Amino acid sequence: MVARYERIADELRDEILAGVHEVGSQLPSEAELAARHSAARGTVRQALAVLVAEGLIGSRQGARSIVLGRARSQSFAELRSFAQWARANGYRFGGQVLAQRRRRATTAEAARLGTEEVLDVLRVRSLEGEPVLVERTAYASWMTEAVEALPPDCESVTEALYDSVGLVFAYGEYLIDAVAAGARDARLLGVRRGSPLLRQRRITTTHEGRPVECSDDRYRAGSVAFSVRNSIGANPLIRQAGDLRSRP
């Protein structure tokens with residue numbers, strides 16, 4: 001059964017996304033929302049806390065909640081890089097390589113990429129001037145020189161590699177879960193240590209099925225949402241238990 005606060009959060013979220021509550025406007029007060037939904041104020045606070053965590057509203061004690069924006073939703077229906085998605089949706093975005101080195105592949109990386117050496121890249125991505133994503137990417141050795149030639153502040157690695165060597169990222173496989181922010185991620189994303197992060201692990205291949213990269217991407221909570229559309233005949237999203245030893 002869906003909890004009462006979740007139903008209230010769902011309704012408010014739908015209203016925000018539909019433009020009923022404009023960006024910068026105030027939501028009704030807790031008392032007004034409680035009366036509207038025939039719910040306790042504590043239940044309303046729980047619902048508002050969900051929307052705060054998603055980045056849709058801002059909340060402070062003694063004041064009405066303010067609508068901060070609409071969900072930045074990225075679909076899995078097509079393979080797009082962070083930069084391609086951000087540009088298509090009109091967001092200001094950026095990227096910066098913080099560390100890069102060649103190293104021996106781990107057992108898992110060697111199995112996924114088919115190489116004994118990888119190029120390890122740590123990159124931070126920003127959206128609207130705020131850090132939202134930490135990327136840890138291991139590139140197969142056959143891509144090392146092409147990636148090393150890119151500038152540290154390259155906005156779109158996907159587009160740059162296509163322009164320089166004609167590489168097309170054709171297929172992607174993803175695993176999505178949540179993790180707690182470690183000390184380094186917390187510092188890079190400007191959150192508290194232990195804060196929830198949305199983790200996306202992926203492996204990307206060419207049209208021929210040749211592995212290009214495997215990556216561990218960690219998004220700040222509330223910065224980006226992912227959407228999946230499916231039907232009774234086709235469902236691209238598969239749930240699986242927490243044993244991820246054979247997947248990125």
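Author: A residue counts as buried under 20% relative accessible area, as exposed over 50% and as partly exposed in between, with a 1.4 Å probe and protein chains only. The structure is a predicted model, in which local features need pLDDT of at least 70 and side-chain atom pairs count only at pLDDT 80 or more, while totals for chains, interfaces and linings use all residues. Residues are numbered from 1 along each chain as its sequence is written, and side-chain values use heavy atoms, with hydrogens and water left out.

Reader: What percentage of the residues of the chain count as buried?

Author: The secondary structure comprises eight helices and 10 strands; helices (H or I, at least four residues) and strands (E, at least two) are DSSP runs, numbered from the N terminus. Of the 248 residues in the chain, those that count as buried make up 40%.

Reader: How far apart are the end C-alpha atoms of helix α1?

Author: The expected span of a helix is 1.5 Å times one less than its number of residues. Helix α1 covers residues 4-17, which is 14 residues, and should therefore span 20 Å. The model agrees with this expectation, since the end C-alpha atoms are apart by 20 Å.

Reader: Within what arc do the buried residues of α1 fall?

Author: The buried residues of α1 are Ile8, Ala9, Leu12, Arg13, Glu15 and Ile16. The arc is taken over the directions from the helix axis to the C-beta atoms. Seen down the axis of α1, these residues line one face of the helix, because they fall within an arc of 160°.

Reader: Is Glu128 buried, partly exposed or exposed?

Author: Glu128 lies in the loop between β5 (117-127) and β6, and its phi is positive, near 55°. Its relative accessible area is 28%, and Glu128 is therefore partly exposed.

Reader: Which residue has a side chain joined to that of Glu135 by a polar contact?

Author: Glu135 belongs to strand β6 (residues 130-140) and is buried, with a relative accessible area of 5%. Leaving aside neighbours within four places in sequence, Glu135 is in contact (heavy atoms within 4.5 Å) with Val121, Leu122, Arg123, Arg125, Asp216 and Asp217. A polar contact is a pair of N or O atoms within 3.5 Å; within protein, one must be able to donate a hydrogen and the other to accept it, and residues adjacent in sequence count only if both atoms are side-chain atoms. At 3.3 Å, the side chain of Glu135 has such a contact with that of Arg125.

Reader: Which are the edge strands of the open sheet?

Author: Two strands pair if DSSP finds at least two bridges between them. Six strands form the open sheet, with antiparallel pairing, in the order β4-β5-β6-β9-β8-β7. The strands that pair on one side only, and thus form the edges, are β4 (93-104) and β7 (171-180).

Reader: Which residue in β8 is the bridge partner of Val179?

Author: β7 and strand β8 (residues 196-205) pair in the antiparallel sense over 10 bridges. In β8, the residue bridged to Val179 is Leu197.

Reader: What is the relative accessible area of Thr205?

Author: Thr205 is found in strand β8. Not counting residues up to four places away in sequence, Thr205 touches Val168, Phe169, Ala170, Tyr171, Arg210, Pro211 and Val212. Thr205 is buried, and its relative accessible area is 16%.
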